[in-house]
Amino acid sequence: MKGLGSGVVPVLLVLAASLVAQTGECRGDASSSGSPTPPVNKFGQTREDLMRAATDLTAALSAVQAARSGPAEGADPESHSLAAAGAEARLQRVVDGIRLPERMRFFSMQYTGADARSPRTCRLCSAVAGAVIHKIRVENTTGPALAALVVDLCVRANVVAPHICKGMIESNTPILEYIARNTPTLDGPAACGVFIPECAVGVTSLDWKLNKDMGVKPRGRVRNTMMDLQNPKPKAEPFRILQITDYHWDDMYTTEASAVCGEPTCCRKGSIPPARPEDRAGKWGDYRSCDIPWETVAEFVRHTQETHLETLDLIYFTGDVVDHGVWETSREKNEHRIRLTFDYMKQAFGDKRVLPLVGNHEPHPLNIFAPDYITDDALSTRWLYEVLADVWIDKTRWLPESTRATILRGGYYEVEVQEGFRVVALNNMYCYTLNWWVLHDPVDPSGQLAWLVDVLMKAEVNHEKVHILAHIPPGNDDCLEVWGREFARIVDRFSATISAHFNAHTHVDDLCIFYDKYGRPNNAAFNGGSLTTYADVNPNYKLYLVDGANGGATWNVLDAELWGFNLTKANQNPNERPEWYRMYSFKETFNVQSLHPAHLDMFIDRLTKDPNLVQQYYWYHMLDSDVSHQTGCDEICAERLICNSVTTITNEFEHCKRFLNKRKLHLS
């Protein structure tokens, strides 16, 4: 994840990734070209090293399978028994060489940090990739037999507990098998290089360019240069937009469970009881790997009704309703949670308009968004889009009928909020590296980017301003580099039309600045944090004051307010309502002239020189949690804060290096 919060790396990162790969062939309306990676990866591993791991595991699995089939007719049973034991021992030796150490189990960044990406991870991923691809393509292993094989490898490799392996793998197997069989070339190192960039070596990376005429950027329409720093004075009260995101409420949450359970998410019914009183789950959530109970959602709604509802003009919900118990999801469970959440929001906020997004946790299986031409019900995402269209259009009336076609096509839409102001809601899980379908057809899935160009061209002609909503922030490691690059091209072309971006996913408070080819800041994206406490953060939301309540409005963000409550204090007083407070006014707290991209660029420059400002910014980045105050922000943390704020394309660090060089000069 891009943010510094302790977000989870999905537990099947290695084993599920192993089932799919592609060595450069792309399909779709785009031009494609490949660029070779260095002869060794970040860890000094060659392609041959990784392929050897796959060969060894494949051979060991084949030997075990042969032994389990029983002795040949007339063979000595005792000799066969010894051979079978030898085959099992051989397999175990191979797995021992690639399995995860205990500290890395279940791939929670909260506990493993950089350990989650290591030479051992690359070997494990490539070994399982090669072995499973062989089983599918050569031995025609399918269905339950394929799932059982991968579950066994998941358990042996110490990725997660057996019941989690089983739940995650069985739900993903049909989709992954289809992709493996219908993608022309499969290669373990290629798959692992996409999902874990540090592992990439000697393969052709996915690369394409959107084949879409965007016209010419109008002269003199470069927004927010040094000649355009001052916001016009509002002729009326600012337009007020509430951003809420990443609920992740858990209907299995219970204070009778432990917050320290050794699984991807804790505090759940059926989990282990607390070994010590301090391990018990808190009433409102927990800083450890826990989501929140429904009571926290209800408390948030009650608070916003009392504090903001009367003055609100618009609400953005930027995705993720479903909790992190991702091995127990189903279409029925997810649909129930989605409908309940949005029905409740409609009742709570009345006639206030909500513009919602889909998050990566809404589908079943987790993260999986198929291209629109995949119509097989067992593989398609159509069921989810039909639920969203029904809720967002028919039930709540938040969206007009005109949005139905693109929602059903890919979960995205555009809507005119009022004259001169349009909102575009993207489904950028089509760039998500853990959405297996991007390897089958990575080129602008469902035509979303081409559609975005058309919407922005129309808005430019009509002199409209646009806000763009997307779940995954720009520059986040979870988004394919090529998709992010093409999106950044679009943003640069229409920078005079796009007034702001609003994102989520990382569960931390963040901002990200876009730059044009001359290095001029021309757009800014704001992250909404999360209502869930997962992990190390306080429940929170954002309120934006926008220049929109007057003729000729810019629809620029004038200020951002971060609100939340202290989780420790709230859990210590479970019979009392939490004390919500305004954590910051960005403009006042950080003493910035405005939230124009140019002034935000100046703010990042100040971070390179002022260690006290870095600490303060980090605390709010982590939502003023007690954990953040205890840990503080060291030099590595400071560099990440700075780089995250100026990197809009994964693995492109031009602006990051510029600011870090300034920091080094100042510290020297």
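Modeller: Happy to. This is a predicted model, and a search of the whole structure finds eight disulfides.

Colleague: How do you know that C125 and C192 form a disulfide?

Modeller: Their sulfur atoms are 2.0 Å apart, and the cut-off for a disulfide is within 2.5 Å. The bond links distant parts of the chain, with C125 in helix α5 (residues 119-137) and C192 in helix α8 (residues 188-195), 67 residues apart.

Colleague: Why is the disulfide of C125 and C192 called left-handed?

Modeller: The torsion about its S-S bond is about -95 degrees, so the disulfide is left-handed.

Colleague: And is C125 buried or exposed?

Modeller: C125 has 0% relative accessibility, so it counts as buried, given that buried means under 20%. C192 is also at 0% and is buried.

Colleague: What is the handedness of the link of C643 and C656?

Modeller: That link is right-handed, with 45 degrees about the S-S bond. The sulfur atoms of C643 and C656 are 1.8 Å apart. C643 sits in helix α21 (residues 635-646) and C656 in helix α22, 13 residues apart. C643 is buried, with a relative accessible area of 13%, and C656 is buried at 6%.

Colleague: Let us turn to the aromatic rings. Why is the pair of F300 and W580 called tilted?

Modeller: The planes of F300 and W580 stand at 55 degrees, so the pair is tilted: under 30 would be stacked and over 60 edge-to-face. The ring centres are 6.2 Å apart, and rings pair if their centres lie within 6.5 Å.

Colleague: What makes the pair of F502 and F526 tilted?

Modeller: Their planes are at 35 degrees, so this pair is tilted; stacked would need under 30. F502 lies in strand β9 (residues 498-503) and F526 in strand β11 (residues 521-528). Both F502 and F526 are buried.

Colleague: How many aromatic pairs does a search of the whole structure find?

Modeller: It finds 34 aromatic pairs. One aromatic cluster includes F300, W392, Y541 and W580.

Colleague: How do you know that R493 lies over the face of F494?

Modeller: R493 is at 4.2 Å from the ring centre of F494, and the distance limit for such a contact is within 6 Å.

Colleague: Finally, how much space lies in the second largest pocket?

Modeller: About 450 Å³. Of its 22 lining residues, the closest to the centre are A488, Y515, D516, K517 and I649. Helix α15 gives the most to the lining, with six residues. By type, the lining divides into nine nonpolar, five polar and eight charged residues.

Notes: Residues numbered from 1 in each chain as written. Predicted model: local features only at pLDDT ≥ 70, side-chain atom pairs only at ≥ 80, totals over all residues. Heavy atoms only, no water. 1 Å grid on protein atoms, 1.4 Å probe; cavity = no way out; pocket = protein on both sides within 12 Å on 5 of 7 lines; lining within 4 Å. Points joined across faces, edges and corners; volume = space filled by probe spheres on them. Helix = DSSP H or I, 4+ residues; strand = E, 2+ residues; numbered from the N terminus. Nonpolar A, V, L, I, M, F, W, Y, C, P; charged D, E, K, R; others polar. Phe/Tyr/Trp six-rings, centres within 6.5 Å; stacked < 30°, edge-to-face > 60°. Buried < 20%, exposed > 50% of the residue type's maximum accessible area, 1.4 Å probe, protein only. Lys NZ or Arg CZ within 6 Å of the ring centre and 35° of its normal.
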